[in-house]
Each structure stands twice: as C-alpha cells, then as structure tokens.
Amino acid sequence: MSLSENLQLVQHRIALSAEAAGRDPSSITLLAVSKTFDAQSVLTAAQAGQRTFGENYVQEAIDKIAATLAIKPDLHLEWHFIGPIQSNKTRQIAEHFDWVHSVDRLKIAQRLSEQRPASMPPLQICLQVNVSGEATKSGIEPEALLELAREVSVLPNICLRGLMAIPEPTEDVQQQRAAFASLRLMQGDLLAAGIQTDTLSMGMSSDMDAAIAEGATIVRIGTAIFGVRDYAK
Ligand SMILES: *Cc1c(COP(=O)(O)O)cnc(C)c1O
C-alpha cells in the first residue's frame, strides 16, 4: 500500500476510535513519526495533507528539516522532538523544533528555555512520565511529576502543554488502557494543583485505539504510516 493510503487508513482509525469514545476526531492530532525515513517520505506525506512530524534523533532530524525546506520552502511543517534528550543536544532542539515531548528532568527544561531563540515562539513541552515502573527507564517517576511540573511551568521560553508516555508494550488492551488512564489521571492531579494542560501525547501504531479511548490528544504513529523501520540503513 502507498504512503498516502496508509495515512488515510490511520486517519480513519483515529476517527473510528474517537467516535467509539464519544470524542470529536478533530481533538486528536496525528503526529507522523518519520524517524529513519528520508525527506522525500516526509514530502510525500505532506503532499497527502500531513503537516506534523515527529523525530527521535537530533542530527537526522535537523538534516531532514533542512532538506524539506530546501525542496519546499513554503511548506509550513511542524516538527516535534520525541526521543531521549542528552543535555549537549538541547540547543539544537531548542533552535529547530516546535514541540518537545520527552522532557523528564528540570535541567533539560531549563536549558531548552535558556537556549530557545528570542525570535521564535515559546517551545511547546510535554513531560514524559514513566507509567510502567521498572520496565522502562525514561520518564519522570509519577511521584516526582508534580514538583517537576511546577518548576517547568514557570520557565520563560517554554510552554508546558501536557504529558507524554511510552508504556511497556503489551497486546492486552485492558493493560494498554490502564497505562493510558494512569497518565490521564496524572493530568487531573496537575489540574487539581492549579497547573492546567491540554495535551496527552500517548498511543503508537499498536496501541493508538486504547490511547484514544483514554483521552489521547496527540497520537505518535510511525510504522502504520511509513512502514517497518530499517535501522541498518
Ligand atoms: C518510534 C516512536 C513512535 C512510533 O512508533 P510506531 O510503533 O512505529 O508507530 C512513537 N513514539 C515514540 C517516542 C517513538 O520513539
């Protein structure tokens, strides 16, 4: 199947899951995760109407952003960084991205805020939370989330938009839903503490339906759009 057919199928899946959950499909943003795929793949997706793209690796992303701009300077694509962040990469992230989903410590948020160019709008931030306990290492522990959110919410050049999670993969839909529900409840806890956010970044190709059922506002979809990744390339 072609990339644009895949994209249509994913959009249809979002619409069906939203409808089943009694939600407006337009409240869910499809983030096309283009890591390991080239600028031409991004442009093909853009041709089919996709505008929002996610990347995990800083150098690969920066090259790809430059390549798409060189070919289509008038195309206004939105770029989201979703990968692990090393502190020596924050400047490049702050200078090239619109959103960052994977902030899980204060030092990284402070650097992104300091290094965000004054000429750009505030960087839109999600805090990544570890909802699967010992199984995964990235993401702030739920017990420490409120304090981090308080500290991040007052930084000047970034805007705290919400929470992101990558739960441990499972085919059990009830387990998928439980992990996503826990992130939604944490967003409620932030609200109760006076920190308002509007974004839940959760759901990938294999668990997006459960994520939408539990309130995802951004689903991050790679394989179902671009195909299986070949890391050897
Ligand atoms: C690669 C990746 C995705 C996309 O995963 P698929 O299973 O290919 O849809 C989503 N989120 C993050 C953080 C990723 O690293």
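**Ligand contacts and salt bridges**

Biologist: Which atom of the ligand does the polar side-chain atom of Arg 220 lie 2.9 Å from?

Modeller: A nitrogen atom of the ligand. Keep in mind that this is a predicted model.

Biologist: OK. What is 2.5 Å from a side-chain N or O atom of Ser 205?

Modeller: That is an oxygen atom of the ligand.

Biologist: And Gly 222: is its polar atom in the backbone or the side chain?

Modeller: Backbone. A polar backbone atom of Gly 222 is 2.8 Å from an oxygen atom of the ligand.

Biologist: How much of the ligand does the protein bury?

Modeller: 90% of what the ligand exposes when taken alone, and that area is 400 Å².

Biologist: Where does the ligand sit?

Modeller: In the largest pocket.

Biologist: Which residues surround the ligand?

Modeller: Among them are Val 33, Lys 35, Asn 56, Ile 82, Ile 166 and Met 204. The list also includes Ile 221, Thr 223 and Arg 229. Ser 205, Arg 220 and Gly 222 are in it as well.

Biologist: Switching to charges. How many salt bridges are there?

Modeller: The count comes to 7.

Biologist: Which residue does Arg 177 pair with?

Modeller: Glu 214. The closest N and O atoms of that salt bridge are 2.8 Å apart.

Biologist: Why does that pair tie together parts that are apart in sequence?

Modeller: Because Arg 177 lies in helix H7, residues 173-192, while Glu 214 is in the loop between helix H8 (208-213) and strand S8 (218-221). The parts they tie together are 37 residues apart in sequence.

Biologist: Is Glu 214 buried or exposed?

Modeller: Buried. Its relative accessibility is 8%, and buried means under 20%.

Biologist: What about Arg 177?

Modeller: Arg 177 has a relative accessible area of 32%, so it is partly exposed.

Biologist: What does Glu 214 do with Arg 184?

Modeller: They form a salt bridge, with the closest N and O atoms 2.5 Å apart. This pair links distant parts of the chain too: Arg 184 is in helix H7, Glu 214 is in the loop between H8 and S8, and they are 30 residues apart. Arg 184 has 33% relative accessibility, so it counts as partly exposed.

Biologist: How far apart are the closest N and O atoms of Lys 64 and Glu 55?

Modeller: 2.8 Å, in a salt bridge.

Biologist: Are those two buried or exposed?

Modeller: Both Lys 64 and Glu 55 are buried.

Key:
Residues are numbered from 1 along each chain as its sequence is written. This is a predicted model: local features need pLDDT of at least 70, side-chain atom pairs count only at pLDDT 80 or more; totals for chains, interfaces and linings use all residues. Side-chain values use heavy atoms; hydrogens and water are left out. A salt bridge is a side-chain nitrogen of Lys or Arg within 4 Å of a carboxyl oxygen of Asp or Glu. Buried means under 20% relative accessible area, exposed over 50%, partly exposed in between (1.4 Å probe, protein chains only). Helices (H or I, at least four residues) and strands (E, at least two) are DSSP runs, numbered from the N terminus. A residue is near a molecule or strand if one of its heavy atoms lies within 4 Å of it. A polar contact is a pair of N or O atoms within 3.5 Å; within protein, one must be able to donate a hydrogen and the other to accept it, and residues adjacent in sequence count only if both atoms are side-chain atoms. Accessible areas come from the Shrake-Rupley method with a 1.4 Å probe; for residues, only the protein chains shown count as cover. On a 1 Å grid over the protein atoms alone, a cavity is a set of points where a 1.4 Å probe fits but cannot get out, and a pocket is an open set with protein on both sides within 12 Å along at least five of seven lines; lining residues have an atom within 4 Å of a point. A molecule sits in a cavity or pocket if more than half of its atoms lie within 2 Å of its grid points.
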